[in-house]
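Morning, everyone. Please look at the model on the screen, and I will walk you through a few spots.

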Amino acid sequence: MRTIISKKKIRGPFVQKIEELSGQKLLVCYQCGKCSAGCPAVNEMDILPNQVIRFAQLGLKEELLESKSIWVCASCYTCNVRCPKGIKIAEVMEALRQVLLRQRHDHIDIPKLTDEQKADVPAIALISNFRKFTS
Amino acid sequence: MKISYYPGCTLKSNAKNFEDSTLCSLKELGIDVQELKRWNCCGTVYSLATDDLMHHLASIRNLIHVKEAQTDTVMTLCAMCYNTLKRVNERIKADPESLEKIHKFMDEEKVPYQGDVKVRHLLELLRDDLKFENIAKKVKKSLKDLKVASYYGCLLVRPKDIGFDDLENPRVLDDLMNALGAKAVDFPYKTECCGAYQTVDKPEVIAERTYSILTSARSQGADVVAVSCPLCAFNLDHRQKETAHKYSDFKKMPILYFTQIMAIALGCEEKDLGFGLHYIDPKPLLKQKGLI
């Protein structure tokens, strides 16, 4: 896959939006990789947490919004508490999800869940799932 | 000062045994808590987007109900409720401007909220107010043969300043288990995420985590795993069905709320323990240990 890096993307509105929604300064990250080392979900991710931050610095919007990783992250905050630079990676993941959710791109389709799927799990699971995965 | 008790949705259904065993234990310990007359969903997850104030309203409404009950402290049992209520409370305390905006949505609430309610988890009350050495004195049935691995999950300990124990090596549940006369078993997966709400659409992910977490606890000699979150409890207990299907070497084990273990030690009856709600029945093990 060819990735094009440009000043236009780096200084573009996407990077600004992610910084605003997450409240984080993306350029603070110096790519130590500690977030990815401790993340319990990395084996299900296509872009590692430290790469998510790097891609966000570079404004690689399509790569990020099409990634599996942003939906695999369950906001467990392990990365947040271990980041030596104090970046809240979970908040950046949330900002990326929000960009899609606010355009009505829900991650799950509630009517398509089977009765069994809905009946099996407790209320706490359904509510938190819908809060995170639907707009 | 009286303490208000906020149960949250699942404590009244799938985790009724968490509530019943807590209320029985608190009675034995002489702690008086009063369930809020009116409460609503806490929101279950704290909204992380900086501009999302709307989703904090549910938590604020609950904190107002605490004030309406003439109390200044609310106790929670569910780790997710604890985390959400406390984070919202801390957020609006640190940002009065957002509180002002939130007040504009409060048409029916009579008491204005100023961030002056304390959100505390039951474990904090037991550790800091009652103290474990005093709980140890009230033990009626020693748990001496029961090896308990305590699973903290995410939201009791993270993020920093919201959790009430060490971020990487929490001890509060282990210390309580030792005080009750059980044998606390340490294991490296005690703060590893169980996968949380992914259980709805990706049960196979939960099965993988459950396998790692429980296999690790068993390898350290644990008989049971103690939890304090109804979602962790569901994932680690009920998803053992999928786990056993996926991993042929997986050995099932009972998952108990820490309050069920406490209730056994304090002499509560079996009706307060609610074993009917478990997927893996803990009764054979507890009978074998002479605890029920």
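Start with Gln31(A), which sits in the loop between helix 2 and helix 3 (34-38) of chain A. Helices here are DSSP runs of H or I with at least four residues, strands are runs of E with at least two, and both are numbered from the N terminus. This is a predicted model: local features need pLDDT of at least 70, side-chain atom pairs count only at pLDDT 80 or more, and totals for chains, interfaces and linings use all residues. Residues are numbered from 1 along each chain as its sequence is written, while chains are lettered from A and ligands numbered from 1 in the order in which they are written.

Back to Gln31(A). Its phi is positive, near 60 degrees, and it is not a glycine. Most residues other than glycine have a negative phi.

Is Gln31(A) buried or exposed? Exposed, with 12 other C-beta atoms within 10 Å. The cut-offs: 20 or more other C-beta atoms within 10 Å is buried, 12 or fewer is exposed, and in between is partly exposed, with C-beta atoms placed from the backbone.

Now chain B. Thr44(B) also has a positive phi, about 60 degrees. Its loop runs between strand 2 (33-35) and helix 2 (57-68) of chain B. Thr44(B) is buried, with 28 C-beta neighbours inside 10 Å.

Next, a cis peptide bond joins Arg158(B) and Pro159(B), with omega about -10 degrees. Most peptide bonds are trans.

Last, the contact. It takes 30 residues from chain A and 31 residues from chain B. In contact means C-beta atoms, placed from the backbone, within 7 Å. Helix 10 of chain A gives the most to chain A's side, with nine residues.

Methods
Contact = placed C-beta atoms within 7 Å.
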